Amino acid sequence: MEIKGQLAIVTGAGRGIGEAVGKRLAAMGATVLLAARDLTQLQRVQHEIQAAGGSAEAAQLDLQDEQSIANLAAAIENRHGRCDILVNNAAVGSSGKPLFEMSPAEWDQLMATNLRGPYLMIRALAPMMIAAKSGHIVNISSLAGHNPLPNGAAYSASKWGLNGLSYSVAEELRPHGIRVSVIAPGSVNTRFEGRGDRKDPNKKIQPDDVAHVVAMLVTQAPQSFVSEVLLRPTQKP
Ligand SMILES: NC(=O)c1ccc[n+]([C@@H]2O[C@H](COP(=O)([O-])OP(=O)(O)OC[C@H]3O[C@@H](n4cnc5c(N)ncnc54)[C@H](OP(=O)(O)O)[C@@H]3O)[C@@H](O)[C@H]2O)c1
């Protein structure tokens, strides 16, 4: 399946996995809307994509701010009138402490980004996909959404929640020709917040490995879709 000419939105595209996904989709011919809070980082990625001959735009987005999401959706509708691929990638990491030491404010902030954010993005953008009777939503979860994560209970809960949201929304949207997939990677070699591990970065999953899976998912022929990919490093880092 060809994605040339499609509009792809990638949240958290200023670094890490989102940057790799944005660059991959642009290399495949999509126009990529790179979204996150730090515009400077997004513009760097945008310029690198353009220098490589791709098409990209940078848009400031704060997933914790409902109005910011509504503004982005309105801008996409006015400027492009379409939304073919949505990659809900942005998230914040675990607190690195036991749940009982986490403040309600920290909990709220994490959930607002990791779980309410993808909900609001789908709420804002699915109507355009429904009107087009096609689209692909890829939610970046984690193996922490399948396993316990000591000192990361809220993060783990947000990813378990994202999985449940994704499987359910997939059922809601499949009659409209929209496919919803989840990618659950293990440790990826990024500067993800809350990271304090001693794992070998070279053995970790690389951001490009996740981008490769996104590319596979969105090029699947339209009559079927992959619900979920659990992505593991070949050698344990
Ligand atoms: N790295 C891993 O080991 C790993 C493993 C499994 C799953 N994952 C998942 O992979 C995804 C990407 O992680 P990563 O490792 O690439 O992390 P990262 O390098 O820390 O990137 C996170 C991105 O999210 C954006 N972001 C954070 N809060 C935001 C907000 N309120 N509004 C908009 N954007 C926001 C950040 O940009 P700004 O700060 O500029 O907004 C940044 O671009 C996440 O969903 C993470 O849970 C990561």
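**Ground rules.** I worked with a predicted model in which local features need pLDDT of at least 70 and side-chain atom pairs count only at pLDDT 80 or more, while totals for chains, interfaces and linings use all residues. Residues are numbered from 1 along each chain as its sequence is written, and side-chain values use heavy atoms, with hydrogens and water left out.

**Entry 1, the sheet.** I began with the strand order and found seven strands in an open sheet, β3-β2-β1-β4-β5-β6-β7, with parallel pairing. For the elements I took DSSP runs numbered from the N terminus, namely helices (H or I, at least four residues) and strands (E, at least two), and I counted two strands as paired if DSSP finds at least two bridges between them. The edge strands are β3 (55–60) and β7 (228–231), each of which pairs on one side only. Neighbouring strands of this sheet are turned by 15° against each other on average, direction ignored; the axes are lines fitted to C-alpha atoms, for helices over the stretch in contact, and angles run from 0 to 180 degrees between N-to-C directions.

Buried here means under 20% relative accessible area, against over 50% for exposed and partly exposed in between (1.4 Å probe, protein chains only). L7, I9 and T11 point one way from β1, A8 and V10 point the other way, and all are buried. On one pairing, β1 and β2 (residues 31–36) run parallel over five bridges, and T11 has A35 as its bridge partner in β2. The chain goes from β1 through helix α1 (residues 16–27) to β2 in a right-handed β-α-β crossover, where right-handed means that, with the strands pointing away from the viewer, the path from the first strand over the helix to the second runs clockwise.

β2 is joined to β3 by six bridges in the parallel sense, and A36 stands opposite Q60 of β3. Helix α2 (residues 39–51) packs on the sheet, touching β2 and β3, and its direction makes about 175° with that of β3; contact was taken as heavy atoms within 4.5 Å.

β5 and β6 pair in the parallel sense over six bridges, and I137 stands opposite V180. β5, helix α5 (residues 153–173) and β6 make a right-handed β-α-β unit. Four bridges join β6 to β7, again in parallel, and I183 faces V229 in β7.

The C-alpha atoms of L231 and G186 are separated by 6.2 Å, although the two residues are 45 apart along the chain. Leaving aside neighbours within four places in sequence, the contacts of L231 include L143, A184, I205, V210 and V213.

Helix α6 (residues 207–218) lies across β4, β5 (135–140), β6 (178–185) and β7, running at about 160° to β6. Among its buried residues I listed V210, V213, V214 and L217, and what covers the buried residues of α6 includes α1, β4, β5, β6 and β7.

Which residues touch the most other members of the largest nonpolar core? They are L25 and V87, in a core of 32 residues; such a core is a set of buried Ala, Val, Leu, Ile, Met, Phe, Trp, Tyr and Cys residues joined through side-chain atoms within 4.5 Å. The elements that give two or more residues to this core are β1, α1, β2, α2, β4, β5, α6 and β7, and α6 supplies the largest share, six residues. Leaving aside neighbours within four places in sequence, V87 is in contact with I9, V10, T11, V21, L25, V138, I140 and V214. I noted a second, separate core of 29 residues, including A59, M121, L162 and I178.
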